[in-house]
Amino acid sequence: MTTAVYPGSFDPVTKGHLNIIARAARNFDHLIVCVMVNGDKHPMFNLEERVEMLRRVTKDMENVEVDYSDALLAEYAKEKNAHVIVKGLRAVSDFEREFQMALINHKLNPGLDTMFLAAEHQFMYLSSSAVKEMGRYDVDLSDFLPEEIIPDFIARIHQAK
Ligand code: ADP
């Protein structure tokens with residue numbers, strides 16, 4: 001069985017993330033979407049909320065599991081017996097950081113490869129931070145966020161106001 005890990009902060013999960021999840025799930029027997037705990041110290045959604053929203057939007061994808069971890073990604077993959085990390089690449093701006101991370105992860109765990117999926121053109125510009133920015137204004141979010149989590153997002157924006 002081939003297991004792949006798709007790591008990220010998913011604060012919150014966007015349609016761009018979901019597109020990568022669906023495509024990766026078609027290519028591996030088992031896909032673990034893992035919310036990595038390190039990173040932004042002031043996320044919009046806490047860890048449990050991000051995990052729960054991911055579970056909600058992937059509930060019909062049978063080979064997709066949602067997890068979280070504060071471990072080093074290379075160690076986490078080893079623990080899960082995963083040999084592939086999946087990453088989405090939007091633009092050249094993603095490349096340098098992702099390439100560096102891929103080399104480091106391979107060095108830390110030589111059995112681990114990183115595979116990049118090119119973003120689909122309609123999601124090229126989409127990031128969680130861009131959606132948070134747009135959320136401050138009254139724009140239609142249906143092209144950016146999975147339907148199921150739009151109410152959570154709007155409620156959080158109103159709380160913050
Ligand atoms: P962001 O906050 O930039 O959306 P995350 O850390 O949650 O990022 O992203 C996790 C992974 O998903 C990264 O590999 C990132 O490149 C990828 N990703 C994020 N948004 C998209 C998108 N719109 N299309 C393709 N891949 C994406």
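Which element gives the most to the lining of the largest pocket? In this predicted model, the answer is helix H4, with 8 residues, where helices (H or I, at least four residues) and strands (E, at least two) are DSSP runs numbered from the N terminus. Residues are numbered from 1 along each chain as its sequence is written, local features need pLDDT of at least 70, and side-chain atom pairs count only at pLDDT 80 or more, while totals for chains, interfaces and linings use all residues. Side-chain values use heavy atoms, with hydrogens and water left out.

**The pocket**

The largest pocket has a volume of about 1,000 Å³. On a 1 Å grid over the protein atoms alone, a pocket is an open set of points where a 1.4 Å probe fits, with protein on both sides within 12 Å along at least five of seven lines, and lining residues have an atom within 4 Å of a point. Of the 43 lining residues, Pro7, Gly8, Ser9, Lys87 and Arg97 are the closest to the centre of this pocket. At least two lining residues come from each of S1 (3–8), H1 (15–27), S4 (84–89), H4 (92–108) and H5 (128–135). By class, the lining has 18 nonpolar, 14 polar and 11 charged residues.

S1, H1, S4 and H4 are the elements that give two or more residues to the shell around the ligand. The ligand is surrounded by 18 residues, the closest being Tyr6, Phe10, Gly88, Phe123 and Leu126, and a residue belongs to this group if one of its heavy atoms lies within 4 Å of the ligand. The shell divides into 7 nonpolar, 7 polar and 4 charged residues.

| Residue | Ligand atom | Distance |
|---|---|---|
| phenylalanine 10 | oxygen | 3.0 Å |
| glycine 88 | oxygen | 2.5 Å |
| phenylalanine 123 | nitrogen | 2.8 Å |

Taken alone the ligand exposes 540 Å², and the protein buries 89% of that; accessible areas come from the Shrake-Rupley method with a 1.4 Å probe.

**The loop between S1 and H1**

Phenylalanine 10, which has a backbone atom 3.0 Å from a ligand oxygen, lies in the loop between S1 and H1, and its phi is near 50 degrees, a positive value in a residue other than glycine. Proline 12 lies in the loop between S1 and H1 as well, and a cis peptide bond, with omega about 0 degrees, joins aspartate 11 to proline 12.

Methods: Points joined across faces, edges and corners; volume = space filled by probe spheres on them. Nonpolar A, V, L, I, M, F, W, Y, C, P; charged D, E, K, R; others polar. Polar contact = N/O pair within 3.5 Å; in protein donor to acceptor, adjacent residues only side chain to side chain.
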